[in-house]
Amino acid sequence: MNSKKISSDHIPFDNRKTVSQLLTSYEETRCCIYAIICALKIEVPWWYLGCPGCAKKVNPYLNPETEEIEMDKFSCDGCETIVCSIKTRYQVHCKVLDHTGTTSFVMFDKEVSQLIHKSAYELLEQQVQFNSGNEFPRELLALEGREFVFTVNKPETSKNYTPSTFYVVNVTDDHAKIL
Ligand SMILES: [Zn+2]
């Protein structure tokens with residue numbers, strides 16, 4: 001998939017922040033957090049059906065004339081169009097921890113595929129095949145307890161508003177970068 005929109009090729013690893021700094025700074029920034037995944041949020045779905053164009057979640061298409069849902073079509077709010085092909089994509093919510101505190105991150109398709117070397121489609125197929133479609137995949141659970149450098153987008157926030165979940169745009173466990 002084309003994920004050039006969020007290019008992570010040139011992310012500097014110098015804008016390092018702790019979890020506490022992330023939660024208490026107000027400015028918009030892209031920064032690196034060295035943290036451990038302490039828990040995956042298994043109550044939230046780990047995958048979604050995404051638009052092949054913009055990667056946003058698609059909705060079932062309701063034909064306004066027949067008022068029926070058409071199974072082979074989906075509507076994308078991002079592209080404001082009807083799409084006929086969709087892609088299973090990762091959206092994995094996790095709690096992370098460093099020595100200053102905890103917060104929540106969400107990782108998307110590129111990062112999770114890179115970490116577990118399997119596409120969301122392959123993993124979902126495998127879950128269904130082994131009759132464990134409702135269980136949380138063990139490949140993902142195996143990420144618990146691992147340490148990474150997460151690059152996250154931090155939006156501008158105010159005293160009264162801090163997002164509860166930050167979007168991850170890059171993950172690495174490359175020791176050179178960690179050290
Ligand atoms: Zn779209």
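Accessible areas come from the Shrake-Rupley method with a 1.4 Å probe; for residues, only the protein chains shown count as cover.

This is a predicted model: local features need pLDDT of at least 70, side-chain atom pairs count only at pLDDT 80 or more, and totals for chains, interfaces and linings use all residues. Residues are numbered from 1 along each chain as its sequence is written, and side-chain values use heavy atoms, with hydrogens and water left out.

View 1. Helices (H or I, at least four residues) and strands (E, at least two) are DSSP runs, numbered from the N terminus. Of the 179 residues, 40% count as buried. Buried means under 20% relative accessible area, exposed over 50%, and partly exposed in between (1.4 Å probe, protein chains only). Take contacts between residues at least 6 apart in sequence: 63% join residues at least 24 apart. A contact means heavy atoms within 4.5 Å.

**View 2. Strand β10 pairs with β8 and with β9.** Strand β10 spans residues 165–172, and six of its eight residues are buried. Strand β8 (residues 101–108) pairs with β10 in the parallel sense over three bridges. Strand β9 (residues 147–154) pairs with β10 in the antiparallel sense over five bridges. Two strands pair if DSSP finds at least two bridges between them. Look for Y167 in β10: it is the bridge partner of V106, and N153 stands opposite Y167.

**View 3. Helix α3 has buried residues along one face.** The helix covers residues 120–129, and its buried residues are A120, L123, L124, Q126 and Q127. Seen down the axis of α3, these residues fall within an arc of 160 degrees, so they line one face. The arc is that of the directions from the helix axis to the C-beta atoms. Their cover includes β3 (47–50), β7 (87–98), α2 (109–116) and α4 (138–141). Exposed V128 and Q129 sit on the face turned away from the buried side. Just after α3, N131 takes a positive phi of about 60 degrees.

**View 4. L62, I69 and M71 form a nonpolar surface patch.** Together they have about 360 Å² of accessible area. I69 lies in strand β5 (residues 68–76). I69 is exposed, with a relative accessible area of 51%.

How values were computed
Patches are made of residues with over 30% relative accessible area and no salt bridge: like charges are joined within 9 Å, nonpolar side chains (Val, Leu, Ile, Met, Phe, Trp, Tyr) within 5 Å. A salt bridge is a side-chain nitrogen of Lys or Arg within 4 Å of a carboxyl oxygen of Asp or Glu.
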